[in-house]
Amino acid sequence: MRRQLRSRRAPAFPHSYRYRLDDQDEVNQNYLADEEEEAEEEARVMLVPDLEEEEEEEEGEKEEKKEEEEGQGQPTGNTWWWKLQIMNEYLWDPEKRMFLARTGLILVIYFFFYASLAAVITLCVYTLFLNISPYMPTFTEKVKPPGVMIRPFAHSLNFNFNVSEPDTWQHYVISLNGFLQGYNDSLQEEMNVDCPPGQYFIQDANEDEDKKACQFKRSFLKNCSGLDDPTFGYSTGQPCILLKMNRIVGFRPELGDPVKVSCKVQRGDENDIRSINYYPESASFDLRYYPYYGKLTHVNYTSPLVAMHFTDVVKNQAVPVQCQLKGKGIINDVINDRFVGRVIFTLNIET
Amino acid sequence: MEGLKKEVVMNDHKLTLEQLSTKYSVDLTKGLSPKEAQEILTREGPNTLTPPPTTPEWVKFCKQLFGGFSILLWIGAILCFMAYGIQMYFSEHATRDNLYLGIVLAVVVVTTGCFSYYQEAKSSRIMESFKSMVPQKALVIRDGEKMQINAQNVVVGDLVEVKGGDRIPADIRLISAEGCKVDNSSLTGESEPQTRSPDFTHENPLETQNICFFSTNCVQGTARGIVIATGDSTMMGRIATLTSGLAAGKTPIAREIEHFIHLITSVAIFLGVVFFGISIILGYGWLEAVIFLIGIIVANVPEGLLATVTVCLTLTAKRMARKNCLVKNLEAVETLGSTSTICSDKTGTLTQNRMTVAHLWFDKTIYKADTSEEQIGKTFAKSSDTWFILAGIAGLCNRAEFKAAQETLPIAKRATAGDASESALLKFIEQYYSSVKEMREKNPKVAEIPFNSTNKYQMSIHLREDSSQDHVLMMKGAPERILEFCSSYMLNGHEYPIDDEMKEAFQNAYLELGGLGERVLGFCFLNLPKTFSKGFKFNTDKINFPMNNLCFVGLISMIDPPRAAVPDAVGKCRNAGIKVIMVTGDHPITAKAIARGVGIISEGAKIEEDITAQLKVPNSQINNREVKAIVVHGSELKDLSSEQLDNILQSHREIVFARTSPQQKLIIVEGCQRLGAIVAVTGDGVNDSPALKKADIGIAMGIAGSDVSKEAADMILLDDNFASIVTGVEEGRLIFDNLKKSIAYTLTSNIPEITPFLLFIILSIPLPLGTITILCIDLGTDMVPAISLAYESAESDIMKRAPRNPKTDNLVNHRLIGMAYGQIGVIQALAGFFTYFVILAENGFKPLDLLGIRLNWENRYLNDLEDSYGQQWTFEQRKVVEFTCQTAFFVSIVVVQWSDLIICKTRRNSVFQQGMKNKILIFGLLEETLLAAFLSYTPGMDVALRMYPLKIFWWLCATPYSLLIFIYDEIRKFTIRRHPGGWLESETYY
């Protein structure tokens with residue numbers, strides 16, 4: 001139908017390939033010629049008063065043709081030249097003096113289409129932000145129960161080092177030192193307040209007001225503070241490992257029952273670890289560090305730490321250690337997640 | 001192959017008996033000696049047709065496994081395994097996703113392959129049941145002794161004897177015959193039995209009387225002849241070899257799927273390469289980039305589409321089988337829908353293949369008899385006395401009789417013994433007059449001269465019912481011969497002498513009936529004088545009774561009438577823009593008459609007969625519009641070049657090919673195909689089978705069709721009714737439209753499936769949609785809705801539009817891809833991402849903080865990753881959030897697919913016009929929703945598929961987008977309806 005229209009107008013396009021295409025079509029067309037089609041054709045001519053549109057249509061067909069041509073894949077060199085010509089024509093149509101004639105308009109249309117979609121999604125995201133508090137996450141159940149992480153963190157939970165070779169443990173020391181910079185007593189005293197222990201540090205001010213943070217001084221860690229022993233015990237084969245509980249906005253341990261840390265050999269002989277010293281000695285996270293009010297207002301919040309000082313561990317053998325949080329409301333036996341309420345690492349101290 | 005297409009050269013029929021005897025060194029009375037026969041048998045092989053090379057079952061199975069669409073999935077699977085291999089090799093914590101994906105792809109292909117193999121095996125089992133396994137026997141004379149041997153042991157030179165009811169065991173040159181008639185319809189398409197005699201009557205071996213062909217049937221009489229060809233060298237064997245040697249081309253749907261694969265592959269490779277480049281620029285390692293490349297390419301593979309297409313086609317095939325179209329090859333389901341030309345055989349397809357009385361002429365008036373299959377109703381001037389006499393002659397001077405024990409059957413359906421025209425008369429009289437049996441008992445036959453081709457009449461003498469002493473002589477035969485015997489004629493029961501006026505009336509009636517392609521018989525009688533009263537010895541050799549001055553009664557004409565439903569069906573095909581061409585081995589006059597009768601040549605169309613004259617005139621001078629119809633004779637066709645044939649096919653809308661040989665049928669089909677038409681061929685005879693095989697879709701007849709034709713066909717009409725083809729066309733067109741919708745629906749969800757991976761690469765955000773969830777969509781929730789679209793009813797009258805142009809009207813074109821990928825798919829992706837960002841934000845990860853988080857997010861040792869609120873997450877905890885997001889993304893896709901399904905229901909109409917009558921579709925909507933809920937909320941899914949329960953609010957995030965899709969597409973379709981042929985239509989109407 002459409003093809004007939006075009007073939008009739010073919011002389012307007014003096015390009016040899018077009019004639020060839022039309023000849024093929026003519027055959028088809030005649031073959032399928034039908035009286036009804038004639039009537040339809042007239043109707044169509046009336047319905048398409050805009051030549052420009054018709055032009056577009058042809059461009060579309062031309063492209064389709066090209067695809068077909070490729071599909072058939074005639075292996076003659078001539079065809080390639082032919083295709084190149086079509087391609088050339090497609091990119092720059094000298095008749096209409098249009099660059100990327102069809103693609104151009106399509107691109108414009110799509111540009112507007114996508115622009116309006118972008119507007120829609122922006123509107124949606126904007127509504128989303130209107131409905132989300134910047135201070136308090138909407139849901140916290142996925143981040144509960146709290147996870148546990150240890151320092152030094154070296155992309156692995158195996159602490160392998162040789163006491164007599166500082167190179168093997170130096171990076172732990174550097175890591176710990178770096179981590180504890182924020183806990184320096186001077187800094188803590190300057191920034192944070194010394195709040196009463198044994199109770200929540202509740203600040204019931206407006207949501208958007210800045211909150212104060214409790215001090216957690218490096219010196220609380222005693223032998224593991226790196227103040228007395230700058231090697232955190234690594235040089236003597238008695239490594240310090242710091243344990244912290246993941247921050248959760250609004251999380252409060254059970255009142256009167258601070259979360260405790262206890263470590264033991266995970267698998268194997270219980271006596272592989274003969275003694276561990278905990279700092280602070282209570283081996284617990286004091287209630288005054290809770291609740292956490294979120295990054296935006298609780299700017300200087302310092303996570304409480306518990307340091308484990310493995311003072312007497314079997315040497316020259318890998319000892320799997322599991323440190324668990326204990327306390328009401330603490331879950332430490334999730335099978336899928338080995339970092340919820342507990343942490344497992346191995347110590348392999350060589351002498 | 002080309003050699004086989006040529007006409008058969010044979011000259012045995014031209015030889016004299018002596019020459020024949022010498023040629024085959026055989027004694028024409030005693031036959032071969034058993035020893036000679038044995039020698040020839042060992043030399044030439046048995047007299048059987050080489051069965052067509054059957055494809056072994058495993059090859060068929062492999063074709064299902066590796067054909068068409070499957071290839072795409074296989075490549076996908078291999079790429080997955082490659083990617084997994086690379087990951088395995090270079091990283092310890094390789095995710096198994098690629099491995100699983102590869103396995104799932106392979107499983108999908110194998111399952112679908114098994115399914116379609118099973119479907120096709122089922123149809124071929126039905127085929128098997130058609131085959132008759134009765135071994136054929138033949139009566140040969142060897143050393144003067146008659147012996148019954150297996151037909152396969154018959155050798156060239158054997159002297160064989162055939163009698164009525166036998167199947168001809170080989171090609172035979174007759175040396176003697178008595179009243180022998182053979183039914184050649186399976187070879188030539190002639191519905192009337194052909195007389196056979198030892199005389200050489202025609203140059204063409206197919207038309208000469210002295211040759212009988214292998215596997216045709218001897219209807220009556222006996223004959224003896226020398227075997228001139230056995231097995232594959234027989235006429236039938238050559239056709240069978242020609243058929244099995246023809247390669248069936250690809251079905252249109254296979255071509256469409258190929259085109260689709262090209263498109264989808266180009267899109268996949270384009271995306272893959274672009275993002276390969278981007279990921280290299282973004283600083284990913286080349287190895288990672290390759291994994292991404294493979295991932296993107298594989299993500300473009302629509303996993304569920306193969307199964308969807310197969311199920312849709314199977315559903316249609318089943319629906320068609322219920323309407324008596326058995327489809328042998330699943331892909332052929334759609335072919336009828338694309339058909340633009342139907343080449344139909346005449347005998348048995350368009351006609352009933354049963355001689356029936358069509359017209360009577362008596363009292364100077366032509367009466368029309370009822371030729372419908374049911375044979376009930378219409379009457380004519382039954383009160384005229386002439387009718388009683390005519391009926392008496394037709395019933396008595398008739399050797400045909402009903403076979404026993406059929407009293408319960410309607411008369412038209414009863415089997416008869418005897419010549420086709422006599423049977424027709426017998427049934428006619430039984431139906432409209434009275435019991436022929438009683439009539440014959442009351443008027444016993446005392447003498448008769450049977451019909452033969454020299455005297456061209458049949459005469460019998462009966463005792464008269466009313467006076468038991470008198471005899472009446474009755475005669476029927478070729479009208480002009482009968483008239484010669486007559487001096488008077490009957491008008492309203494009275495005798496009048498024949499005058500010129502009556503002769504003219506007779507001539508006109510005879511010409512008119514003959515012009516209708518009918519076989520006309522004349523009837524006359526004579527009451528014999530008292531001298532020939534009871535007891536007179538009539539001698540039919542030395543005629544001792546008067547045989548002149550008879551009284552002419554009337555004419556009865558017979559035809560193999562068209563089936564009742566055919567004219568309507570042809571009309572519907574016409575409306576649907578399908579050209580119906582008749583190709584028959586029968587005579588041009590009969591062919592033309594039937595063509596007119598069924599509407600292949602429309603009423604009042606000018607028929608051009610002399611094509612050679614036309615060909616001499618330059619093409620431009622002929623106004624093609626004026627001459628629409630043409631009848632081409634086989635002998636003319638033989639001399640045409642292919643250009644001339646093309647010209648004929650092109651310039652005429654109504655074409656009848658008569659007297660065509662099997663080879664010519666093939667040439668005609670090839671001619672149509674050369675012009676770009678998709679050709680359906682219907683036929684029942686062996687002569688049709690090469691054309692059936694060559695056609696885009698061959699349609700054989702289930703009841704009357706020969707085994708060879710059924711073997712060659714793609715589709716079988718179980719009720720032999722041409723009208724079933726219309727159903728096939730309708731179903732084929734509907735499934736083509738619906739497949740488009742189905743594919744548009746399925747492809748749309750590809751974008752929300754690919755974009756998460758792309759953004760994962762570019763923005764380094766946590767993966768919004770994982771492989772498992774993608775598979776849940778493609779093979780889970782999308783399946784039933786996509787299939788339900790196959791049940792969608794047509795938007796407009798699909799039988800009123802022209803057949804699709806296979807070159808431009810593709811199943812999947814750039815417009816469909818543009819709509820699915822560029823528009824609806826993008827909205828869907830937005831819906832998914834919105835849900836994803838909502839969930840992450842509500843859990844603490846605001847969108848801006850997600851950018852670039854990927855490396856930390858994926859680090860399993862980092863168990864205190866900070867979110868936007870300063871909370872710290874373990875690896876597992878954030879993975880749970882990630883998978884919850886993926887579940888929500890999945891649910892969002894389901895939600896937007898609701899509206900996608902509703903918009904895909906129609907391509908032009910509004911949903912409000914189309915309605916929601918498709919129950920399966922509503923079921924599909926419910927099913928996908930329930931499945932999504934099931935996957936999300938069932939306990940244990942977190943372990944099995946890593947899908948997590950969602951809050952109800954998260955289901956709602958996508959609904960605005962769902963609504964947006966619906967409104968957008970309704971507006972689009974409204975504009976298309978408002979401005980048909982406009983810019984929007986040409987860019988977005990698929």
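Visitor: How many residue pairs are in polar contact across the interface of chain A and chain B?

Guide: The rule finds 21 residue pairs, both residues at pLDDT 80 or more. A polar contact is a pair of N or O atoms within 3.5 Å; within protein, one must be able to donate a hydrogen and the other to accept it, and residues adjacent in sequence count only if both atoms are side-chain atoms. This is a predicted model, where local features need pLDDT of at least 70 and side-chain atom pairs pLDDT 80 or more, while totals for chains, interfaces and linings use all residues. Residues are numbered from 1 along each chain as its sequence is written, chains are lettered from A and ligands numbered from 1 in the order written, and side-chain values use heavy atoms, without hydrogens and water.

Visitor: Which element gives the largest share of the side of chain A that touches chain B?

Guide: Helix α6(A) does, with 14 residues. Helices (H or I, at least four residues) and strands (E, at least two) are DSSP runs, numbered from the N terminus. By class, that side of chain A has 37 nonpolar, 13 polar and 23 charged residues. Ala, Val, Leu, Ile, Met, Phe, Trp, Tyr, Cys and Pro count as nonpolar, Asp, Glu, Lys and Arg as charged, and the others, Gly among them, as polar.

Visitor: Why is the pair A:Arg247 and B:Glu866 called a salt bridge?

Guide: The term asks for a side-chain nitrogen of Lys or Arg within 4 Å of a carboxyl oxygen of Asp or Glu. In this pair the closest N and O atoms are 2.6 Å apart, so the pair meets the definition. Between chain A and chain B the count is four salt bridges.

Visitor: What makes α4(B) roughly perpendicular to α5(B)?

Guide: Helix α4 (residues 57-66) and helix α5 (residues 69-90) of chain B pack at an angle of about 70°, their axes 6 Å apart. Axes are lines fitted to C-alpha atoms, for helices over the stretch in contact, and angles run from 0 to 180 degrees between N-to-C directions. Angles of 65 to 115 degrees count as roughly perpendicular, so α4(B) is roughly perpendicular to α5(B).

Visitor: Which residues meet there?

Guide: B:Gln64, B:Leu65 and B:Phe66 in α4(B) meet B:Ser70, B:Ile71 and B:Trp74 in α5(B); contact means heavy atoms within 4.5 Å.

Visitor: What is omega for the cis peptide bond joining A:Lys144 and A:Pro145?

Guide: Omega is about -10°. A:Pro145 sits in the loop between α6 and β3 of chain A. Most peptide bonds are trans.

Technical notes:
Angles under 35 degrees count as roughly parallel, over 145 as roughly antiparallel, 65 to 115 as roughly perpendicular and the rest as oblique.
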